[in-house]
Amino acid sequence: MHGACDNRQLQRQDFLHTIARPVVGGGWCVLLQEAGVRGDVAGEYLGQAIFEDELKSRLRTRGDNDLYFAHLVGEVYLDATHMGSYMRFVNHSCDPNARLELMVVDSERRLEVRLTRPTRKWEELTINYGKVAGNGLTVSCYCLAAACLG
């Protein structure tokens, strides 16, 4: 593990080495440039903090499938569409190797991408978006995992 204290990993940006790459057929993915173990932090999910009402408004006005938002806490979401880290390019899998985890650093709520199992070098970093991403938005699944919920 890269750091003994979870908060210090975020404070010092003690993350696994990752890289964003285009995917054949469109879109992006995040690849791990080194092997990791369960509990390692791959990066921080950054974006503009918005309330749920604003999120709903933005979802109504966007006509594409490139939605980069994550639930932070309560009615607050992070919208990484126009600002944020490339952790926004972490794709969905029904059999993910990571999850978004809420951390509190210096009284500030932050989201990290934390490994849930050991990973190999050059493995794609994935999280489970869930069947419904929020506010009635259904997410289509193309992960092709053996346990895919479609």
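Visitor: Which residues form one aromatic cluster?

Guide: A note on conventions must come before the answer. The model is predicted, so local features need pLDDT of at least 70 and side-chain atom pairs count only at pLDDT 80 or more, while totals for chains, interfaces and linings use all residues. Residues are numbered from 1 along each chain as its sequence is written, and side-chain values use heavy atoms, with hydrogens and water left out. Rings of Phe, Tyr and Trp (its six-membered ring) pair if their centres lie within 6.5 Å; planes under 30 degrees apart count as stacked, over 60 as edge-to-face and the rest as tilted. Here the cluster is formed by W28, Y68 and F89.

Visitor: How many aromatic pairs does a search of the whole structure find?

Guide: The search finds three aromatic pairs. One of them joins Y68 and F89, whose ring centres are 5.6 Å apart with planes at 85°, so this pair is edge-to-face. Y68 belongs to the loop between α2 (52-61) and β5 (69-73), and F89 to the loop between β6 (76-79) and β7 (91-92), so the pair ties together parts that are 21 residues apart in sequence. F69 and Y77 form an edge-to-face pair too, because their ring centres are 6.4 Å apart and their planes meet at 70°.

Visitor: Are Y68 and F89 buried or exposed?

Guide: Buried means under 20% relative accessible area, exposed over 50%, and partly exposed in between (1.4 Å probe, protein chains only). Y68 and F89 are both buried, and F69 and Y77 are buried as well. Over the chain of 150 residues, 42% count as buried.

Visitor: What does the secondary structure of the chain come to?

Guide: Helices (H or I, at least four residues) and strands (E, at least two) are DSSP runs, numbered from the N terminus. The chain has two helices and 12 strands, in the pattern α-β-β-β-β-α-β-β-β-β-β-β-β-β along the sequence.

Visitor: In what order do β3, β9 and β8 stand in their open sheet?

Guide: Two strands pair if DSSP finds at least two bridges between them. This open sheet of three strands has the order β3-β9-β8, with antiparallel pairing. Strands β3 (41-45) and β8 (98-105) each have a single partner and stand at the edges, so one side of each lacks a neighbour in the sheet. From one strand to the next the twist averages 35°; such angles run from 0 to 180 degrees between N-to-C directions, the axes being lines fitted to C-alpha atoms, for helices over the stretch in contact.

Visitor: Over how many bridges do β8 and β9 pair?

Guide: β8 and β9 (residues 108-115) pair in the antiparallel sense over eight bridges. M103 stands opposite R110 in β9, and L100 has V113 of β9 as its bridge partner. The two strands form a hairpin with two residues between them, and D106 in the turn has a positive phi of about 50°.

Visitor: Which residues have the most contacts inside the largest nonpolar core?

Guide: In soluble globular proteins, nonpolar side chains tend to be buried together. A nonpolar core is a set of buried Ala, Val, Leu, Ile, Met, Phe, Trp, Tyr and Cys residues joined through side-chain atoms within 4.5 Å. The largest core has 21 residues, and Y45, M87, V113 and L125 have the most contacts inside it. Two or more residues come from each of β2 (28-32), β3, β5, β6 and β9, and β9 gives the most, with three.

Visitor: To what does the count of disulfides come?

Guide: A disulfide is taken as a pair of cysteine sulfur atoms within 2.5 Å. The count here is zero. C94 is buried at a relative accessible area of 16%, whereas C148 is partly exposed at 29%.
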